[in-house]
Amino acid sequence: MKKVILATVLSATVSISANAAMEKQGNFKFVGDTQYASFCKAVLNDNVKLFKRSLNRFVGPLGTNRKIVLERVLDNNNVQCAGQGIVEFSQQRNASKVAAYLSKAQA
């Protein structure tokens, strides 16, 4: 019985901590193919470091280096956020840092 009560208290504490962390960054719900949601999250938070980490994460599955992965992400709107390509989405969301990084990468 003590183990059940302890497990209940522990799970409630963990869920409260997770909710608090989500509220700090913004409360977003990702649907569809969430495997690439980190790119959209980087745009929503206007975080270039997170975008670069996402590129590094897909080196291997999408390409042999970060440059090739970036080309594939940008090519023909392969990664879409809210039905838009990543470039258009960053412009619409006024993610100036990520938009500047993407425009520099396309040049």
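**Figure 1. Serine 90 in helix H5.** Serine 90 lies in helix H5, where helices (H or I, at least four residues) and strands (E, at least two) are DSSP runs numbered from the N terminus. This is a predicted model, in which local features need pLDDT of at least 70 and side-chain atom pairs count only at pLDDT 80 or more, while totals for chains, interfaces and linings use all residues. Residues are numbered from 1 along each chain as its sequence is written, and side-chain values use heavy atoms, with hydrogens and water left out. With a relative accessibility of 1%, serine 90 counts as buried; buried means under 20% relative accessible area, exposed over 50%, and partly exposed in between (1.4 Å probe, protein chains only). Leaving aside residues up to four places away in sequence, serine 90 touches Val43, Ala95, Val98, Ala99 and Leu102; contact means heavy atoms within 4.5 Å.

**Figure 2. The chain as a whole.** Six helices and two strands make up the elements of the chain. Read from the N terminus, their order is α-α-α-α-β-β-α-α. Of the 107 residues in the chain, 27% are buried. When contacts between residues at least 6 apart in sequence are taken, 41% join residues at least 24 apart.

**Figure 3. The disulfide between cysteine 40 and cysteine 81.** The structure contains one disulfide, the term being used for a pair of cysteine sulfur atoms within 2.5 Å. Cysteine 40 and cysteine 81 form this disulfide, with their sulfur atoms 1.9 Å apart. The pair links distant parts of the chain, as cysteine 40 sits in helix H2 (residues 37–44) and cysteine 81 in strand E1, 41 residues apart. The torsion about the S-S bond is about -90°, so the disulfide is left-handed. Both cysteine 40 and cysteine 81 are buried.

Figure 4. Valine 79 belongs to the loop between helix H4 (66–74) and strand E1 (80–81). Its relative accessible area is 7%, so valine 79 is buried. Apart from residues up to four places away in sequence, valine 79 touches Tyr36, Phe39, Val73, Gln84, Gly85 and Ile86. The C-alpha atoms of valine 79 and alanine 37 are 8.9 Å apart, and the two residues are separated by 42 residues in sequence.

**Figure 5. The buried face of helix H3.** Which residues of H3 are buried? They are Leu50, Phe51, Ser54 and Leu55. Seen down the axis of H3, these buried residues fall within an arc of 145°, so they line one face of the helix; the arc is that of the directions from the helix axis to the C-beta atoms. Lys49 and Arg53, on the other side of H3, are exposed. The buried residues of H3 pack against H2, H4, helix H5 (86–92) and H6.

**Figure 6. Helix H3 against helix H6.** Two packed helices are described by the angle between their axes and the distance between the axes. For helix H3 (residues 48–57) and helix H6 (residues 96–106), the axes come within 9 Å and cross at roughly 50°. H3 is therefore oblique to H6. Axes are lines fitted to C-alpha atoms, for helices over the stretch in contact, with angles running from 0 to 180 degrees between N-to-C directions. Angles under 35 degrees count as roughly parallel, over 145 as roughly antiparallel, 65 to 115 as roughly perpendicular, and the rest as oblique. On the H3 side, Val48, Phe51, Lys52 and Leu55 make the contact, and on the H6 side Lys97, Val98, Tyr101 and Leu102. These residues divide into six nonpolar, no polar and two charged. Ala, Val, Leu, Ile, Met, Phe, Trp, Tyr, Cys and Pro count as nonpolar, Asp, Glu, Lys and Arg as charged, and the others, Gly among them, as polar.

Figure 7. Asparagine 45 is in the loop between H2 and H3 and, at a relative accessible area of 29%, is partly exposed. Aspartate 46 is placed in the loop between H2 and H3, and its relative accessible area of 19% makes it buried. Most residues other than glycine have a negative phi. Aspartate 46, although not a glycine, has a positive phi of about 50°. Asparagine 94, in the loop between H5 and H6, also has a positive phi, near 55°. With 64% relative accessibility, asparagine 94 counts as exposed.
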